[in-house]
Amino acid sequence: MSAASATARGQRLAESLMAEQGTVTRVTGSTTSGGREIPVTTTIYTGVGKLAGSTLAGKSAELVGATVQTQSPQMHFPVGAFVMSTGDLWTFATGTLAGRKYRLVGEAPARSYETAYRVQAEEIL
């Protein structure tokens, strides 16, 4: 099996695990209403995605005099689904996470033989 066919097989398998539907929106400008600035967003992707378990993000925070390691979940998307940008917002449309929102932190790294785009995320409460 060639590297290209193994990668394509891996992409199909990874995408089959992305069972949740949702949308990714991006702030593309702003407008003013009643003296308040309101962001204008554009949908840049509608499709499947997956929230992967938390991973140690290598960040630490000071909490009541102690340093703690913070964890950050990862969002997975199909390769080529869209060009990610820090601040993009994923909203789950289906499943047990329907309505929950995650801000993408960073961009998917460009790598050879990628089976899924993986990017750190922060839940918006």
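Student: What share of the contacts in the protein with a separation of 6 or more comes from residues 24 or more positions apart?
Tutor: The model is a predicted one. Contact here means heavy atoms within 4.5 Å. Among contacts with a separation of 6 or more, residues 24 or more positions apart account for 50%.

Student: In what order do the elements of the protein run from the N terminus on?
Tutor: The secondary structure comes to 1 helix and 6 strands. The helix, α1, covers residues 3–16, and strand β1 covers residues 20–33. Read from the N terminus on, the order is α-β-β-β-β-β-β.

Student: What percentage of the 125 residues count as buried?
Tutor: A residue is buried when its relative accessible area is under 20%. Counted over the 125 residues of the protein, the buried share is 28%.

Student: Is Leu13 buried or exposed?
Tutor: Leu13 lies in helix α1. Exposed means over 50% relative accessible area. Leu13 has 55% relative accessibility, so Leu13 counts as exposed.

Student: How far apart in space are Leu13 and Ala116, C-alpha to C-alpha?
Tutor: In sequence, Leu13 and Ala116 are 103 residues apart. In space, the distance from C-alpha to C-alpha is 9.6 Å.

Student: Which class of aromatic pair do Tyr45 and Phe82 form?
Tutor: A pair of aromatic rings is described by the distance of the centres and the angle of the planes. The structure holds 6 aromatic pairs. For Tyr45 and Phe82, the centres are 5.1 Å apart and the planes are at 25°. Planes under 30 degrees apart count as stacked, so the pair of Tyr45 and Phe82 is stacked.

Student: How many residues apart are Tyr45 and Phe82?
Tutor: Tyr45 sits in strand β2 (residues 36–63). Phe82 sits in the loop between β3 (66–77) and β4 (89–92). The pair links distant parts of the chain, and the separation is 37 residues.

Student: Are Tyr45 and Phe82 buried or exposed?
Tutor: The cut-off for buried is under 20% relative accessible area. Tyr45 has 10%, and Phe82 has 9%. Therefore Tyr45 counts as buried, and Phe82 likewise counts as buried.

Student: Why is the pair of Phe77 and Phe82 edge-to-face?
Tutor: Phe77 is itself buried, at 0% relative accessibility. The ring centres of Phe77 and Phe82 are 5.2 Å apart. Planes over 60 degrees apart count as edge-to-face, and the pair gets that name because its planes are at 75°.

Student: Which residues form one aromatic cluster?
Tutor: Tyr45 and Phe82 form an aromatic pair, and Phe77 pairs with Phe82. The cluster is made up of Tyr45, Phe77, Phe82, Trp90, Phe92 and Tyr102.

Student: Which residue in β5 does Trp90 stand opposite?
Tutor: Strands β4 and β5 run antiparallel and are joined by 3 bridges. The covered face of β5 (residues 101–105) holds Tyr102 and Leu104, whereas the uncovered face holds Lys101, Arg103 and Val105. The residue opposite Trp90 is Tyr102.

Student: Which residue in β6 does Arg103 stand opposite?
Tutor: Strands β5 and β6 (residues 117–124) pair in the antiparallel sense over 5 bridges. Arg103 is on the uncovered face of β5. Its opposite residue in β6 is Glu122.

Student: Which side chain of opposite charge is nearest to buried Glu20?
Tutor: Glu20 is in strand β1. A salt bridge needs a side-chain nitrogen of Lys or Arg within 4 Å of a carboxyl oxygen. Glu20 has no salt bridge, and the nearest side chain of opposite charge, 10 Å away, is Arg100.

Student: With which side chain does the side chain of Glu20 make a polar contact?
Tutor: Not counting residues up to four places away in sequence, Glu20 touches several residues, among them Trp90, Phe92 and Thr94. Thr94 and Glu20 are 74 residues apart in sequence but 5.8 Å apart in space, C-alpha to C-alpha. The polar contact, at 3.4 Å, is with the side chain of Thr94.

Student: Which backbone nitrogen lies 2.9 Å from a polar atom of the side chain of Thr94?
Tutor: Thr94 is in the loop between β4 and β5, and is partly exposed, at 30% relative accessible area. Leaving aside neighbours within four places in sequence, Thr94 is in contact with Ala19, Glu20 and Gln21. The backbone nitrogen at 2.9 Å is that of Gln21.

Note on methods
Residues numbered from 1 in each chain as written. Predicted model: local features only at pLDDT ≥ 70, side-chain atom pairs only at ≥ 80, totals over all residues. Heavy atoms only, no water. Phe/Tyr/Trp six-rings, centres within 6.5 Å; stacked < 30°, edge-to-face > 60°. Helix = DSSP H or I, 4+ residues; strand = E, 2+ residues; numbered from the N terminus. Buried < 20%, exposed > 50% of the residue type's maximum accessible area, 1.4 Å probe, protein only. Lys, Arg positive; Asp, Glu negative; His and termini not counted. Polar contact = N/O pair within 3.5 Å; in protein donor to acceptor, adjacent residues only side chain to side chain. Pairing = 2+ DSSP bridges.
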